[in-house]
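Please load the model in the viewer and keep the selection tool at hand. The stops below are given in the order in which they may be selected.

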Amino acid sequence: VVFGATGLSYCSAALERDNMINNDGWVISDFGMNCPLPIELLSFDATIKKSGEVTLNWISASEINNDYYTVERSADASSWIELERIKGAGNSSSQINYEVSDSNPLSGISYYRLKQTDYNGDYSYSDVQVVTLNSEVKIAVYPNPVRENLFISNLCEECIVNIYSSTGQLVFSGNTNSINASNWKKGIYEVIIINVEGVKYSSRIIK
């Protein structure tokens, strides 16, 4: 995997069976290290939606022999379960957006990672995304539709509120539970709230 933000590259080695090498019978062979890089991953994000679902989004800039993606979840960053498997593009030089929703996320801290598997079975992992769901304290954005003032309940002191128009224009950024929306144009707006740990909450409102 190539991570666009860090420049980190990785190509998994092929495995071959050989009972003479070790007790487990597996050895990493050097010929596998010449394989082409499978994907160029620009981003992988986890976002908490207003409904309580967790949405996993990722963007690939290019793919080579990419069979499929697997979204995995863990409660302890040690034991992982498969949430969903998404077919890859195979070979592509175009930017592709993917999205998967976790409709039954864990209460408390959850860890998410993306596994990419080639046609030959080689695989690699993305960075881990951490999401915290507090069942007792829930953020609410109201009213919806909004006319004059938009309110946000249970907003933490360290949280940053960013609001974007449907064209991607940033119309508000700050930390307040009361926002004047009277001058906004009619349309759909995306409210994204990020806490100090980088956990995101997202909600759409109508003006």
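Begin with Pro145, which lies in the loop between β11 and β12. This is a predicted model. The peptide bond that leads from Asn144 into Pro145 is cis, with omega near 10°. Next, select Pro143, placed in the loop between β11 (140–142) and β12 (149–153). A cis peptide bond links Tyr142 to Pro143, and its omega is about -10°.

Move on to Asn154, in the loop between β12 and β13 (160–165). Its phi is near 60°, a positive value in a residue other than glycine. Asn154 has 47% relative accessibility, so it counts as partly exposed.

Now select Cys156 and Cys159, whose sulfur atoms are 1.9 Å apart and form a disulfide. The structure holds one disulfide. What is the handedness of the disulfide of Cys156 and Cys159? The torsion about the S-S bond is about 100°, so the disulfide is right-handed. Cys156 is partly exposed at 25% relative accessibility, whereas Cys159 is buried at 3%.

Although Ala77 is not a glycine, its phi is positive, about 65°. Its relative accessible area of 39% makes Ala77 partly exposed.

Finish with Ile109, Val128 and Val130, which form a nonpolar surface patch with about 220 Å² of accessible area together. Of these, Val128 sits in the loop between β9 (123–125) and β10 (129–133). Val128 is partly exposed, its relative accessible area being 40%.

Conventions:
Residues are numbered from 1 along each chain as its sequence is written. This is a predicted model: local features need pLDDT of at least 70, side-chain atom pairs count only at pLDDT 80 or more; totals for chains, interfaces and linings use all residues. Side-chain values use heavy atoms; hydrogens and water are left out. A disulfide is a pair of cysteine sulfur atoms within 2.5 Å. Buried means under 20% relative accessible area, exposed over 50%, partly exposed in between (1.4 Å probe, protein chains only). Patches are made of residues with over 30% relative accessible area and no salt bridge: like charges are joined within 9 Å, nonpolar side chains (Val, Leu, Ile, Met, Phe, Trp, Tyr) within 5 Å. Accessible areas come from the Shrake-Rupley method with a 1.4 Å probe; for residues, only the protein chains shown count as cover. A salt bridge is a side-chain nitrogen of Lys or Arg within 4 Å of a carboxyl oxygen of Asp or Glu. Helices (H or I, at least four residues) and strands (E, at least two) are DSSP runs, numbered from the N terminus.
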